[in-house]
Amino acid sequence: MIIDAIKSKFPGSIIGTGALVDKPMLIIKKDDILKVCEYAHELGFDHLSLITGVDYRDHFEVIYNLWSYSNKQDLVLKVMLDHENPKVQSVVSVWKSADWLERETYDLVGITFEGHPNLIRILLPDGWEGHPLRRDYDMQKEQYVLISETGEDIVTPDPSKALRPGKY
Amino acid sequence: MDQVEKKELIDTTKVRPKKRVPEISREKLEETGFLKTLLYSSERSRERKESILFSTVDQFLNWSRITSLWPVTSGLACCAIEMMAVSMAHFDIARFGMEVFRASPRQADLLFVAGTVTKRMAPRVKMLYEQMPEPKWVIAVGSCATSGGPYHESYCVLDGVDKIIPVDVYIPGCPPRPEAWLYGIIQLREKIKKEGYGAKWGMDK
């Protein structure tokens with residue numbers, strides 16, 4: 001029913017439909033995600049509970065989990081992104097909670113959200129190399145964190161400054 | 001001979017056990033426990049080649065230290081919830097004189113590393129340890145703080161807190177039960193009892 005409402009409003013921007021576990025799911029063209037999200041917000045989806053990014057080696061997926069408190073129903077929106085240059089429009093203007101969720105997805109998966117007001121790392125310190133939840137992240141490369149005089153984090157590959165002597 | 005022995009009934013609620021009063025001077029000395037202390041310290045001093053006097057000093061200092069170990073209020077993850085359970089009435093570490101969780105590391109002498117030590121938190125934990133005055137002890141609690149646990153060889157978690165600070169006692173578990181904490185605390189007390197401060201200060205000569 002929700003799927004039909006969105007499909008009739010944007011017939012050109014829906015690539016596919018389906019179900020994620022028991023939630024109705026829509027795959028959207030990546031240029032139209034902001035438009036669809038605004039319309040979903042009008043339909044009563046007032047809570048964005050989660051944004052996740054998945055690396056499928058040949059492409060990225062960004063998944064938006066929506067929930068409507070008034071109608072008590074779920075909706076899942078998906079966007080496919082190409083692997084070389086993953087970019088998608090930010091939905092902070094629709095839901096405020098997208099701010100930190102998009103920063104987390106940027107931090108760990110490395111997807112750029114265009115139009116985000118403050119797109120910096122949220123969990124890892126600034127200067128960390130790579131995005132750890134990508135498939136091509138180098139797990140052998142160790143990075144350590146030090147505190148500078150002013151209290152900021154310094155990322156260093158040198159364990160001698162971070163660990164006790166004899167422990168690296 | 002039909003003599004029935006007459007038994008006296010004793011009301012046990014009204015009888016109190018008699019305490020033996022020490023009569024001779026040696027018994028009086030044993031009563032104070034001083035002789036026992038002296039004998040014990042002479043055994044220890046023979047073992048560790050110290051003088052009797054300073055091993056008695058050690059014993060007194062160690063006794064005063066183990067009866068007032070004050071931990072820092074610091075918890076990194078879910079093991080800190082068990083730390084709260086240990087400090088509450090049911091398991092009650094006030095029996096060891098440890099109920100005073102100090103809000104400042106400068107007033108504490110025991111650090112519970114309770115939880116996952118991430119690489120971003122590691123320099124902070126190290127700073128906390130360095131701010132504590134000597135003598136100080138560290139207990140690594142849970143599998144994360146001992147070896148990394150489920151996050152072993154992760155990109156963001158240290159494989160054990162002993163990579164950044166020295167650890168005295170390791171308590172395994174995920175998270176350890178409060179009984180395991182109490183056992184770990186008792187092990188630390190046993191360790192402190194064997195330390196010699198007179199030797200450290202050069203008074204054993």
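Good morning. In chain B, strand 1 and strand 2 (residues 137-141) run parallel and are joined by five bridges. Strands here, like helices, are DSSP runs numbered from the N terminus (E, at least two residues, for strands; H or I, at least four, for helices). Within strand 2 of chain B, B:Val141 is the bridge partner of B:Ala114.

A word on the source. This is a predicted model, in which local features need pLDDT of at least 70 and side-chain atom pairs count only at pLDDT 80 or more, while totals for chains, interfaces and linings use all residues. Residues are numbered from 1 along each chain as its sequence is written, with chains lettered from A and ligands numbered from 1 in the order in which they are written.

The sheet itself is open: three strands of chain B in the order 1-2-3, with parallel pairing (two strands pair if DSSP finds at least two bridges between them). Strand 1 (110-114) and strand 3 (169-171) of chain B are the edge strands, each pairing on one side only.

Helix 7 (residues 178-193) of chain B packs on this sheet, touching strand 2 and strand 3 of chain B. The direction of helix 7 makes about 170° with that of strand 3 of chain B; axes are lines fitted to C-alpha atoms, for helices over the stretch in contact, and angles run from 0 to 180 degrees between N-to-C directions.

I turn to the interface. Chain A gives 12 residues to the contact and chain B seven residues, where contact means C-beta atoms, placed from the backbone, within 7 Å. On the side of chain A, strand 8 (residues 144-147) supplies the largest share, four residues.

Technical notes. Two residues are in contact if their C-beta atoms, placed from the backbone, lie within 7 Å.
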